[in-house]
Amino acid sequence: MEETTDINRELMLDANATAGILYEIFGVEMTASPTECANCGNEGEVGALLAFVQGPGIVLRCSTCENVVLRIVQTPDATYLDARGAVYLRLAR
Ligand SMILES: [Zn+2]
């Protein structure tokens, strides 16, 4: 029985829920924006990342290597964005 080897897919958010949160933070539609994983170099759209609810925030993981690309925590008066897992994020102007 190997049930702890994979990340908990029951905590995955659907793409629409993720899009709403990202729009609220960045003010632009992010799901079609390109990004690159700092761990494996996989390039893809933000909407293709795996989104998970963990504690008070959400975590977006690379769909290839499951590295944490973005971590977002919202408090009553601030949003914390940890993007160290991304080489870049592209925000359309
Ligand atoms: Zn990766």
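I count two strands as paired if DSSP finds at least two bridges between them. I keep in mind throughout that this is a predicted model.

**Entry 1**

I started with S4, residues 57–61, and S5, residues 68–75. How many bridges join S4 and S5, and in which sense do they pair? I found five bridges, and the pairing is antiparallel. I looked up one of the partners: Arg61 bridges to Val68 in S5. S4 and S5 form a hairpin, with six residues between the strands.

Next I followed S5 into S6, residues 78–82. These strands also run antiparallel, joined by five bridges. Here I noted Gln74, whose bridge partner in S6 is Thr79. S5 and S6 make a hairpin with two residues between them.

**Entry 2: Glu66**

Glu66 has a phi near 70°, a positive value in a residue other than glycine. I placed Glu66 in the loop between S4 and S5. Is Glu66 buried, exposed or partly exposed? Its relative accessibility is 23%, so I logged Glu66 as partly exposed. I also took a distance from Glu66 to Met30, 36 residues away along the chain. Their C-alpha atoms are separated by 19 Å.

**Entry 3: the zinc site**

I turned to the zinc ion. Which protein atoms are its donors? I listed the SG atoms of Cys37, Cys40, Cys62 and Cys65, lying 2.3 to 2.4 Å from the ion. The four donor atoms subtend angles of 106 to 112° around the zinc ion, so I recorded the arrangement as tetrahedral. In sequence, the donor residues are spaced C-x2-C-x21-C-x2-C. Cys40 lies in the loop between S1 and S2, and Cys62 in the loop between S4 and S5, so this pair ties together parts that are 22 residues apart in sequence.

I then compared the accessibility of these two cysteines. Cys62 is buried, with a relative accessible area of 1%. Cys40 counts as partly exposed, at 36% relative accessibility.

**Entry 4: Asn42**

I moved on to Asn42, in the loop between S1 (34–37) and S2 (43–45). What does Asn42 touch beyond four places away in sequence? I noted Thr35, Glu36, Cys37, Cys62, Ser63 and Thr64. Two of these names, Cys37 and Cys62, are also on my list of zinc donors. Asn42 has 26% relative accessibility, so I logged it as partly exposed. Val87 is 45 residues from Asn42 in sequence, and I read 9.9 Å between their C-alpha atoms.

**Entry 5: salt bridges**

I searched for salt bridges, and the count came to two. In one, the side chains of Asp82 and Arg71 meet, at 2.9 Å from N to O. Asp82 lies in S6 and Arg71 in S5, so the pair ties together parts that are 11 residues apart in sequence. Asp82 also forms a salt bridge with Arg84, with the closest N and O atoms 2.8 Å apart.

Arg71 is partly exposed, at 33% relative accessibility. Arg84 counts as exposed, at 69%.

Note on methods: Residues are numbered from 1 along each chain as its sequence is written. This is a predicted model: local features need pLDDT of at least 70, side-chain atom pairs count only at pLDDT 80 or more; totals for chains, interfaces and linings use all residues. Side-chain values use heavy atoms; hydrogens and water are left out. Helices (H or I, at least four residues) and strands (E, at least two) are DSSP runs, numbered from the N terminus. Buried means under 20% relative accessible area, exposed over 50%, partly exposed in between (1.4 Å probe, protein chains only). Contact means heavy atoms within 4.5 Å. Donors are N, O and S atoms within 2.8 Å of the metal (3.2 Å for Na, K and Ca); water is not among the atoms, so sites may look incomplete. Four donors count as tetrahedral if all angles lie between 85 and 135 degrees; four count as square planar and six as octahedral if opposite donors are over 155 degrees apart and all others between 65 and 115; anything else is irregular. A salt bridge is a side-chain nitrogen of Lys or Arg within 4 Å of a carboxyl oxygen of Asp or Glu.
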